[in-house]
Amino acid sequence: MWIMKQILFMSMDKQLAIFLSDKSARTGSDTILLTQGQIARYMGSAREVVSRMLKYFAKEGIVEVSRGGIRILDKNRLRQLTL
């Protein structure tokens with residue numbers, strides 16, 4: 001039950017940061033080869049919400065968004081968002 005509450009009430013930026021960090025750690029790569037739509041489906045969110053958060057992350061210099069993928073530029077700042 002505690003885990004469900006954490007997932008349901010965690011801010012979207014934190015959820016996305018955790019998702020990107022975990023995916024990067026699992027693949028061993030700074031590049032995540034998923035579309036924004038695929039990420040949204042994995043997270044149970046709308047593509048538009050993921051897109052908005054990724055634009056914010058890109059503006060802050062944390063990630064670089066390209067067609068079909070996301071490259072993590074600043075792992076430390078991404079990890080800070082997960083706390």
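The protein exposes about 5,600 Å² in this predicted model, and carbon and sulfur atoms supply 53% of that area. Of the 83 residues in the protein, 30% are buried.

The secondary structure consists of 5 helices and 3 strands. Along the sequence these elements follow the pattern α-α-β-α-α-β-β-α. When contacts with a separation of 6 or more are considered, 52% of them join residues 24 or more positions apart.

The interior comes next. In soluble globular proteins, nonpolar side chains tend to be buried together. Here the largest nonpolar core has 19 residues, and those with the most contacts inside it are Leu-16, Leu-20, Ile-39, Leu-54 and Phe-57. At least two residues of this core come from each of H2, H3, helix H4 (47-59) and S3. The element that gives the most is H2, with 5 residues.

Beyond its neighbours within four places in sequence, Ile-39 is in contact with Leu-16, Phe-19, Leu-20, Leu-34, Val-50 and Ile-70.

Is Phe-19 buried or exposed? Phe-19 counts as buried because its relative accessibility is 17%, which falls under the 20% limit. Phe-19 and Ile-39 are 20 residues apart in sequence, and their C-alpha atoms are 8.4 Å apart in space. Leaving out residues up to four places away in sequence, Phe-19 touches Leu-34, Ile-39, Tyr-42 and Met-43.

The largest pocket has a volume of about 250 Å³. It is lined by 10 residues, of which Gln-15, Ile-18, Phe-19, Asp-22 and Met-43 are the closest to its centre. Helix H2 (12-27) and helix H3 (36-43) are the elements that give two or more residues to this lining. The largest share, 6 residues, comes from H2. By class, the lining of the largest pocket has 6 nonpolar, 1 polar and 3 charged residues.

Ser-24 is classed as buried because its relative accessible area is 4%, under the 20% limit. Which residues does Ser-24 touch, not counting residues up to four places away in sequence? The contacts of Ser-24 are Ser-29, Asp-30, Ile-32, Ile-72 and Lys-75.

Asp-30 is also touched by Arg-71, a residue in strand S3 (residues 69-72). With a relative accessible area of 37%, Arg-71 is partly exposed, because this value lies between the 20% and 50% limits. Beyond residues up to four places away in sequence, Arg-71 touches Asp-30, Thr-31, Ile-62, Val-63 and Glu-64. Arg-71 and Ile-32 are 39 residues apart in sequence, while the distance between them is 6.2 Å, C-alpha to C-alpha. Ile-32 is in turn one of the residues that Ser-24 touches.

How values were computed
Residues numbered from 1 in each chain as written. Predicted model: local features only at pLDDT ≥ 70, side-chain atom pairs only at ≥ 80, totals over all residues. Heavy atoms only, no water. Helix = DSSP H or I, 4+ residues; strand = E, 2+ residues; numbered from the N terminus. Buried < 20%, exposed > 50% of the residue type's maximum accessible area, 1.4 Å probe, protein only. Contact = heavy atoms within 4.5 Å. 1 Å grid on protein atoms, 1.4 Å probe; cavity = no way out; pocket = protein on both sides within 12 Å on 5 of 7 lines; lining within 4 Å. Points joined across faces, edges and corners; volume = space filled by probe spheres on them. Nonpolar A, V, L, I, M, F, W, Y, C, P; charged D, E, K, R; others polar. Core = buried A, V, L, I, M, F, W, Y, C linked by side-chain atoms within 4.5 Å. Areas by Shrake-Rupley, 256 points an atom, 1.4 Å probe, with all protein chains shown as cover.
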